[in-house]
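Trainee: Could you put the model up first, so that we can go through its cavities and helix packing?

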Protein chains: 2
Amino acid sequence: MVCAMESRPIIILVNPQMGENIGAAARAMLNCGLARLRLVNPRDGWPSERAEAMSSGALDKMPPVDVYDSLADAVADCHHVYATTARSRDMVKPVMTARDAAADSRAREKTGQQTAFIFGAERAGLSNDDVALAHTIITIPVNPDFWSLNLAQCVLLCAYEWFQAEAPAHRPYEEAPASMKNLTALYERLETELQTHGFFRTQELRPNVMRNLQNMLARAEMTEQEVNTFHGIITSLTKSGK
Amino acid sequence: MVCAMESRPIIILVNPQMGENIGAAARAMLNCGLARLRLVNPRDGWPSERAEAMSSGALDKMPPVDVYDSLADAVADCHHVYATTARSRDMVKPVMTARDAAADSRAREKTGQQTAFIFGAERAGLSNDDVALAHTIITIPVNPDFWSLNLAQCVLLCAYEWFQAEAPAHRPYEEAPASMKNLTALYERLETELQTHGFFRTQELRPNVMRNLQNMLARAEMTEQEVNTFHGIITSLTKSGK
C-alpha cells in the first residue's frame with residue numbers, strides 16, 4: 001500500500017491556522033486513501049496536539065507530515081498543481097470542479113505525474129500568488145448563498161472525489177432471491193386464504209386485487225427465506241388467537 | 001428559496017453526542033443547499049452553544065432544528081429513508097453509494113416524495129432497529145483500512161452528492177408512497193397480531209424477526225393504498241374462516 005501511495009496526490013495546506021483543521025483534514029485524507037500531507041507555515045507550528053487528537057489516529061498511520069517555508073518549495077517535486085478557491089480570480093487558468101479535477105489527476109498519475117492539491121488558510125484562502133503557482137483552479141460547486149466551506153471539509157471533498165474516480169459504483173444485496181415458482185406458490189396460497197376469509201368484496205374485483213398484491217410483493221424482491229417467513233405469517237394469522 | 005427547500009431531503013442525526021458535530025453538520029448541509037435538520041435525543045440537549053459556534057452562521061439561516069424522542073417520530077412524515085452505515089449489516093435491503101442515493105432521492109423528490117438521510121451517533125452509528133426502519137442503506141466507498149468518517153464529514157458527503165446530482169429520468173411507479181407514520185403503524189399492528197397468534201417461537205428472536213420483516217416490507221415501497229390493503233389482509237386472515 002505504501003508503494004501505491006507514492007504516486008497518489010499530495011495534499012498541501014498553506015498557512016493553516018487551527019491544529020484541529022489540520023487533524024480533521026488528515027483524517028479525511030486517509031479516509032479516502034491519501035496519506036501525504038504537507039504544511040506551509042502552519043500558524044501554531046508543528047507537530048500539534050490538537051491536530052493529533054482530531055485526526056483520530058490518521059496522523060499515526062501516515063508518513064510524517066512535511067513542513068515548508070514556502071509553497072514553491074512544497075510543490076517543487078510535483079508535476080501538476082490544483083489550487084482550490086471559492087472566490088473567482090482574474091486569472092486565465094483552467095477551472096475544474098473537484099470531480100473533473102479528480103479524473104484529471106488520475107489520468108496524470110497513470111503517466112507518472114505527481115499531482116498536488118493546495119488549500120489556503122481558513123479565512124483568507126489562497127493568495128493570488130499561491131494560485132498563480134498552480135496549473136488548474138478547482139472550484140467546488142456549492143450553495144451560492146452559503147459557500148464558505150470549512151478547510152477540512154474542502155480537503156475531504158477533493159480527496160473523496162479522487163477516491164471515487166475509480167471506486168466501484170454499485171453493490172446489490174447478496175441473498176439468493178426466491179424462485180418464481182416459490183413466489184407463485186405463495187401468491188396462490190395467499191389468494192386461497194383470502195378467499196376463505198372473505199377478503200374479496202366481489203369476485204369480479206378479485207383478479208385485480210391479486211395483481212396489485214403481486215406487484216407489491218414482487219417489488220420486495222423476497223429471498224427464499226422471506227417467502228418461508230411469509231408462509232409462516234399466513235399460517236400463524238389464520239390460527240385463532242391465543 | 002424557502003419554497004424549494006420544502007421538498008429537499010431532511011437530515012436526521014440520531015443520538016448525536018457532540019454539539020460541535022451538529023454545528024459542523026449544519027454548516028455542511030447549508031453549503032450544499034439543505035436546510036432541514038432534525039435531532040433524535042441529542043446527548044447534550046438542544047439548543048447548543050457549541051453547535052451554534054461551529055455552524056458558522058448556518059443554524060441562524062436555517063429553519064429551527066426539530067428535536068424528537070424517537071426515530072420513528074422523526075421520519076413519520078417521510079416517504080423514503082436512507083440509512084448511512086459503515087459496518088455491513090445482515091439485512092436484506094438495497095445498498096447504494098452516496099452518489100446513487102443522491103440520484104435516487106432527486107428522482108423521488110420530483111414525484112413529491114419526502115426523503116430523509118439518517119446518521120447514527122459518533123461512535124456506535126445507527127442501531128439495527130434504526131436501520132430496519134429505512135428503505136435503503138447508504139455505504140460511502142472509502143479506504144477499507146481507515147473507514148471511520150467523522151459524523152459531519154459523512155453528512156457533508158451525502159449532502160454534497162445530493163447537490164451535485166440532477167434528477168434522472170427513471171421513475172419506478174407513480175402512486176403516492178406510504179408515509180413512514182403509516183408504515184410504522186402497520187409494522188406495529190403486524191407484530192401485535194403475530195404475537196397474539198404465537199408466531200414468535202421465542203421472545204428473544206422477536207426483535208430480529210421483526211427487523212427482517214420490516215426490511216422486506218420496506219423494499220416493497222408500499223403505496224398508501226397498499227398499506228390499507230395489507231391491513232385488510234391482516235383483518236381478514238385473523239377472522240375465522242367462512
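Mentor: Helices here are DSSP runs (H or I, at least four residues), numbered from the N terminus. The model is predicted, so local features need pLDDT of at least 70 and side-chain atom pairs pLDDT 80 or more, while totals for chains, interfaces and linings use all residues, and side-chain values use heavy atoms without hydrogens and water. Residues are numbered from 1 along each chain as written, with chains lettered from A and ligands numbered from 1 in written order.

Trainee: Which helix supplies the largest share of the lining of the largest cavity?
Mentor: A cavity is a set of points on a 1 Å grid over the protein atoms alone where a 1.4 Å probe fits but cannot get out, and lining residues have an atom within 4 Å of a point. At least two lining residues come from each of α11 (224-238) of chain A, α10 (206-220) of chain B and α11 (224-238) of chain B. The lining includes F230(A), I233(A), I234(A) and L237(A), as well as L190(B) and L213(B). The largest share, four residues, is supplied by α11(A).

Trainee: How many of the residues lining the largest cavity are charged?
Mentor: Asp, Glu, Lys and Arg count as charged, Ala, Val, Leu, Ile, Met, Phe, Trp, Tyr, Cys and Pro as nonpolar, and the others as polar. The lining has eleven nonpolar and no polar residues, and the number of charged ones is none.

Trainee: What is the volume of the second largest cavity?
Mentor: Its lining is in chain B, with H79(B), H80(B), R108(B) and E221(B) among the residues. By class, the lining divides into four nonpolar, four polar and two charged. The volume, the space filled by probe spheres set on the points, is about 40 Å³.

Trainee: How are α2(A) and α8(A) oriented to each other?
Mentor: The axes, lines fitted to C-alpha atoms over the stretch in contact, come within 8 Å and cross at roughly 15° for α2 (residues 19-31) and α8 (residues 151-164) of chain A. An angle under 35 degrees counts as roughly parallel and 65 to 115 as roughly perpendicular; over 145 is roughly antiparallel, and the rest are oblique. So α2(A) and α8(A) are roughly parallel.

Trainee: And how are α9(A) and α10(A) oriented to each other?
Mentor: The axes of α9 (residues 180-196) and α10 (residues 206-219) of chain A come within 11 Å and cross at roughly 135°. Contact (heavy atoms within 4.5 Å) involves residues including Y187(A) and E191(A) of α9(A) and R206(A) and L213(A) of α10(A). The orientation of α9(A) and α10(A) is therefore oblique.

Conventions:
Axes are lines fitted to C-alpha atoms, for helices over the stretch in contact, and angles run from 0 to 180 degrees between N-to-C directions. On a 1 Å grid over the protein atoms alone, a cavity is a set of points where a 1.4 Å probe fits but cannot get out, and a pocket is an open set with protein on both sides within 12 Å along at least five of seven lines; lining residues have an atom within 4 Å of a point.
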